[in-house]
Amino acid sequence: MLRRTRTTKKLAKRIDLQYFARPHSFRRWRFWLSVAIPLIALTWFLAQRAQGGQKVYSSGGLSQSHAVFTQQCALCHVAQAGAFSSRVTDKACLACHDAPLHHANQTFTPECATCHVEHKGAMPLKATADAACTQCHADLRTRDGQPHYVASITSFEKKHPDFATLRSGQADPGTVRLNHYVHLQPNLIGPNNRRVQMTCDDCHRPAAVATSPYGTAEMHPITTTNANLSRPRDQAHMPLPEFGKHCASCHTLQFDKRFGNEQVPHDKPEVVHAFLLKRFGDYIATHPDAVREVNPPDRQIPERVRTTRIARNAAEWVQFRADDAEWLLYAKTCKQCHTVKPSGGSLPEVAKSNLTLQWLPDAEFDHHAHRMMSCTACHTRTPESRETTDILLPGIQTCQQCHRSQGPAKEAAEGRCFECHQYHDWTKAKPTKGNFTIQQLRGNAKRPVPEGE
Amino acid sequence: MLIDHTHRKWLVASAVALTIATAVYIPYALRAPQGPRGGSALGLTYGIAGFLFMLFAGLLGLRKKFPVWRVGRAQSWMRGHLWLGLLSFPLILFHGGFHFGGPLTRLSMWMFVFVWISGILGAALQHFMPRFQTAQLPMETIYEQIDRVRGQLAEEASQLVDETCSALEGEVSHASERQRAMSASAGTQGGLTVASGLQANEQVSTQLRQFLDAEMRPYLQRPGSHAMTLGQGAQAQKLFQQFRVLLPPELHSNLDDLENICEEKRQLDKQSRLHKILHGWLLVHIPLSYALLLLGAVHAVVALKF
């Protein structure tokens, strides 16, 4: 039988009434840790401050283009006189960058940092969120009250209209007769009577890529509209096909059998005329007997057999031969592709080709980024197109098969607004003048050590 | 601290505040051009509110240091600490848009994660463990007094062994009144022959003293010592059962007391272990809280500047 009892009195006698005044290991640990850990944190902070300057305050890594200035916070965070705050203002951005206005009739202009958010890590600053655009374009209002664009676009998938060119049902304004169907047929007669199978990139290839596989003709330079491209990129944009590079090896411009395969320049009628006069003039100077030669009628165009005129002197001979050559060119050779109209003068008028360089006037498309795809994967109607007026631009649904607003996060291609659209109107860009020294930009940053050192 | 019906108002208020904060945050996060940011007006609001709650939670330590201050009941402060501290974490997450940011804020946020989780763990422990301890450890004492009580138990055990051995060695003067009474009634009881309590048995006495010196005193004097035979209830019981066979019945009560002393020691050891669990989280929670408040203050000043 148990004799021990635990009465309150007995238990109370056990207790040292001053126990709370004496140190105890648990309380001691709590106290010293409460001193040590904040001290360690403070030491860490001061060490970071000493090593990396203000970098410790940074809320995240800088973008790819600004990462080099990481040590120099004050480049962007410009201290204002008499103010505690050093928040970034547009002035700091404009010290290095020009930022042309978006539209003259926009109702407000956001600050640079509203769209181009820094301290989000090594990402391009142009990768702005859709919300930066849809803050206006979701419910578009303009100063004149008449938006030129669809008034409500919320994302590439939602409410984004089809491309304007396709929406309006317009026809290709180009005047150069081109039958894609014929050009893509097998066994076409190529240069030197070779049989060829043409492919899209025989004519449509980025500027930086080698020229046509069928060779290029030595042609006089012609004026093209490629130079109008606002921001040319070597391989991104598909330049217009050029006669000299892409057509001339098959579509030759011979003008007289006396000159073998020599061709007239692919240029304006006045230039062609001057060329012909010079070439025939040179010829008769070296072959004066040619005036008395009688040529049989030219039967190259059976329905319009032309009687050869007999010249009485060298000047007439040059005039008649030039007329014959021009008749051949404008009645057959040029007319095959161009619209040739009488002008009322001695020379006909060749309609401007009016080729469209950029089918998406408010967007940019990078063919180079899509080089892994076949052309007809997107331009599906091209192999069957027979008319010049056919617009062969793919619809937005084609793009939406791969591009999503969520982009890579959703195993899709980038589909945010910036992928195709530019906010700033770079055609109005002004050059900026840099004022910083390397020391100012880099500060005390360590020099990168080259590999192998 | 028991989280009971007295916390209902705090619970409801915190739930309402969190619901409002979330309801405001979701459309803000979806519509903000570049996502939620600490520097936006709403982001700053969340940050200021969260930091004020953290500060209040941190002031509990000060309130405890000065219990005589007339600044509200300690229990109210504790409830405020619990619920506002709990609420401060989601507010700070809303402030940063669920991003931990750069070096300073990242360190602060990880500290906050540990402070918050240790706080929740501590609150849960403080809610459940005291009741568990009361049920499991009827012999518990003040934690800081365990060392002292352990010494007292060792002393008590020595006295009991002395008393028992004296009785076994025939020194009646050292035997207790009860033992002497038992001795007088030795003979036949209920048809069974029982031994006289005061029979001299020096051999058993020696064994008992050896047991005290080799097993019991070391066990009682050392903290923990779960690996020892007496540290395990079942084995201790067997050991004492062997002594019961050797000792006359009138001395069994002494063995019962010795066994009870060992049981109390086992409970004190268990109390010591449970106390470390019950309060150990504070060794993480409190120091990290102070460090967090320090870095949080630095962040607040720097954020206002940049």
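Which residues in α2(B) meet which residues in α10(B)?

## Two helices of chain B

In this predicted model, Phe51(B), Met54(B), Leu55(B), Gly58(B) and Gly61(B) in α2(B) meet Ile286(B), Ser289(B), Leu293(B), Gly296(B) and Ala300(B) in α10(B), where a contact requires C-beta atoms, placed from the backbone, within 7 Å. By class, this contact has six nonpolar, four polar and no charged residues, with Ala, Val, Leu, Ile, Met, Phe, Trp, Tyr, Cys and Pro counted as nonpolar, Asp, Glu, Lys and Arg as charged, and the others, Gly among them, as polar.

Helix α2 (residues 41-65) and helix α10 (residues 282-305) of chain B pack at an angle of about 140°, and their axes are 10 Å apart; axes are lines fitted to C-alpha atoms over the stretch in contact, and angles run from 0 to 180 degrees between N-to-C directions. Helices are DSSP runs of H or I with at least four residues, numbered from the N terminus.

## Where the chains touch

In chain A, 37 residues are in contact with 35 residues of chain B. The largest share of chain A's side, eleven residues, comes from α2(A).

## A buried serine

Ser249(A) lies in the loop between α8 (243-247) and α9 (269-286) of chain A. Ser249(A) is buried because 20 other C-beta atoms lie within 10 Å, the cut-off for buried being 20 or more.

## Confidence and numbering

Chain A has a mean pLDDT, the predictor's confidence in each residue from 0 to 100, of 85, and 88% of its residues reach 70 or more. Over residues 217-233 of chain A, however, the pLDDT is below 50. Where pLDDT is low, the predicted coordinates should not be read in detail.

Residues are numbered from 1 along each chain as its sequence is written, and chains are lettered from A and ligands numbered from 1 in the order in which they are written. Local features need pLDDT of at least 70 and side-chain atom pairs count only at pLDDT 80 or more, whereas totals for chains, interfaces and linings use all residues.

How values were computed:
Buried ≥ 20, exposed ≤ 12 C-beta atoms within 10 Å, placed from the backbone.
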